[in-house]
Amino acid sequence: MESIQTEREDKFDVDEDFQLPALTSLVPADGAVVTSETHLVSEYFDTTGQDLLRRGITVRRRTGDADNGWHAKVPADKARTEIRLPLGGGVHTAVPDELIEVLRGAVIGGALSAVATLTTRRMVHTVSDADGGVVAEIADDEVSVVLIGGATGPRWREVEVELGLAGSESFLKKAGKVLRAAGARPSAHPSKLHRALSVVREISADAGVRLLTDYLDEQVQAIVAGDVYLRRGLDPIHSTRVAIRRYRSTLRVFGSLFEDEAAAHLESELSWYANLLGEVRDRQVQRARFAAALRELPPEWVLGPVAARIENDLLAEQIRYRESAMAELDGDRYLALLTMLSAWSRGLPIDGEVSEKVLVNLARKAGKKAIDRTRRAVRGTDDEALHSARKASKRARYAAELVAPAVDKKVSKANIKRYRTIQEVLGEHQDAVIAADIVRRLGARAGSTAGENGFTFGLLFERERRAAESAREQAGNLEF
């Protein structure tokens, strides 16, 4: 039976003679720390092009402790989601069909085969609280590697701190401080397999190219992780769309640095996929928005099955659009999009000089455009002008994020905060405009249906109209 869980851990590189410090300062009042030893054998699988590793995903078959089984680890915003399957009977070592299916978008048609076997001697220090709940497991690992074909790989030692159900982010910070004081270093590798294969991407001499590549790869990792979650029936639509927006914004703001035809085609296909997911996301947002609005109205003002009308109609639309998006995951157009993203990760189609200075100048230009558009928009009455200013502010914010390593820290934080504020204020305006149109449509339908009337829908319409006006006024009072 499959299980899915979220994993949050920090990894540290240590020298062979590293002495693990006393952990007493990390144990909660009346808690305990228990030490045990185990030997793990993990066989890792990937494509010949290391498509999974490139996206921060690992697939392994592990034996040696209570976590025996097949594990697929997928990035998930400062954490990882782990999909687990039992080993199954016999000595079968082929990746289960169920995992192959869920990873279809990540491997882009490639076959999964064994790439390395890692053997780990693990000393586990389990920290628990007064109630016996596991706060964290601190694992001191000695790792050896056998690569495919029998070649001996590297050996090393590392320390992992993995939160338990009773753990918290504050514990991770405290544990990290204790380990660093003893000589541990934040790991340069996101996974053991990454280190085992000595993954070192060819680094361009140009720091600007590195900034672009790292930022875009981060977005592709989120898009591919979203693919995996969608195939598991989960809901990564918001995070996937944010990653797509960041990628598209980069293509727009820094478009002069890429080959025109390649960039235009990729931007168009990303827009297509974003729109598919957007239809689902819009219904999610509006369902929550209207439910909150109805809770704030006096009960005597809610006439008829208003909540049911809104929820049923929007949920039906949401389900229909999600089914359409899911159908595209196995289509040729979507596979071609993933293939393009993979090709860009292997090498950006650069056309011209890409230096940090060039990137910073283009980001600054995007910021100026966002401010200018916002100033013009708030002086008028055109909703579309405000929407355009909002999109420009998003692009400016994402560009500021990309160049942050090359900009003074205080200046960078101020810029990102400024553009995010504009984005949020104008986002509320856009949400209200869309909501007003939806509630007008639903009210018209209710007004012509027996047992329903449009009174409450009219109240909701006026509420959204006022919310839009309030957001417009707030945008006009922003300091640029």
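Trp301, Leu303 and Phe455 together make a nonpolar surface patch of about 280 Å². Please bear in mind throughout that this is a predicted model. Trp301, one of the residues of that patch, is found in the loop between α8 and α9. Is Trp301 buried, partly exposed or exposed? Its relative accessible area is 42%, and therefore Trp301 counts as partly exposed, since that category lies between 20% and 50%.

Let us move on to helix α9. This helix runs over residues 306–328, 23 residues in total, and spans 33 Å from its first C-alpha to its last, close to the 33 Å expected at 1.5 Å a residue. Which residues of α9 are buried? They are Val306, Arg309, Ile310, Asp313, Leu314, Glu317, Gln318 and Ala325. An α-helix has 3.6 residues a turn, so residues three or four places apart point the same way. The cover over the buried residues of α9 includes α8 (260–296), α13 (409–447) and α14 (455–476).

In soluble globular proteins, nonpolar side chains tend to be buried together. Here, the largest nonpolar core comprises 67 residues, and Phe254 and Tyr273 have the most contacts inside it. The most is given to this core by helix α6 (residues 207–231), which supplies 12 residues. A second, separate core has 18 residues, among them Leu23, Leu172, Val178 and Ala184.

To return to Phe254: apart from neighbours within four places in sequence, Phe254 is in contact with Leu212, Leu359, Leu362, Ala363, Ala399, Leu402 and Val403. Thank you for your attention.

Notes. Residues numbered from 1 in each chain as written. Predicted model: local features only at pLDDT ≥ 70, side-chain atom pairs only at ≥ 80, totals over all residues. Heavy atoms only, no water. Core = buried A, V, L, I, M, F, W, Y, C linked by side-chain atoms within 4.5 Å. Buried < 20%, exposed > 50% of the residue type's maximum accessible area, 1.4 Å probe, protein only. Helix = DSSP H or I, 4+ residues; strand = E, 2+ residues; numbered from the N terminus. Contact = heavy atoms within 4.5 Å. Expected span 1.5 Å × (residues − 1). Patch = residues over 30% accessible without salt bridge, like charges linked within 9 Å, V, L, I, M, F, W, Y side chains within 5 Å. Areas by Shrake-Rupley, 256 points an atom, 1.4 Å probe, with all protein chains shown as cover. Salt bridge = Lys/Arg side-chain N within 4 Å of Asp/Glu carboxyl O.
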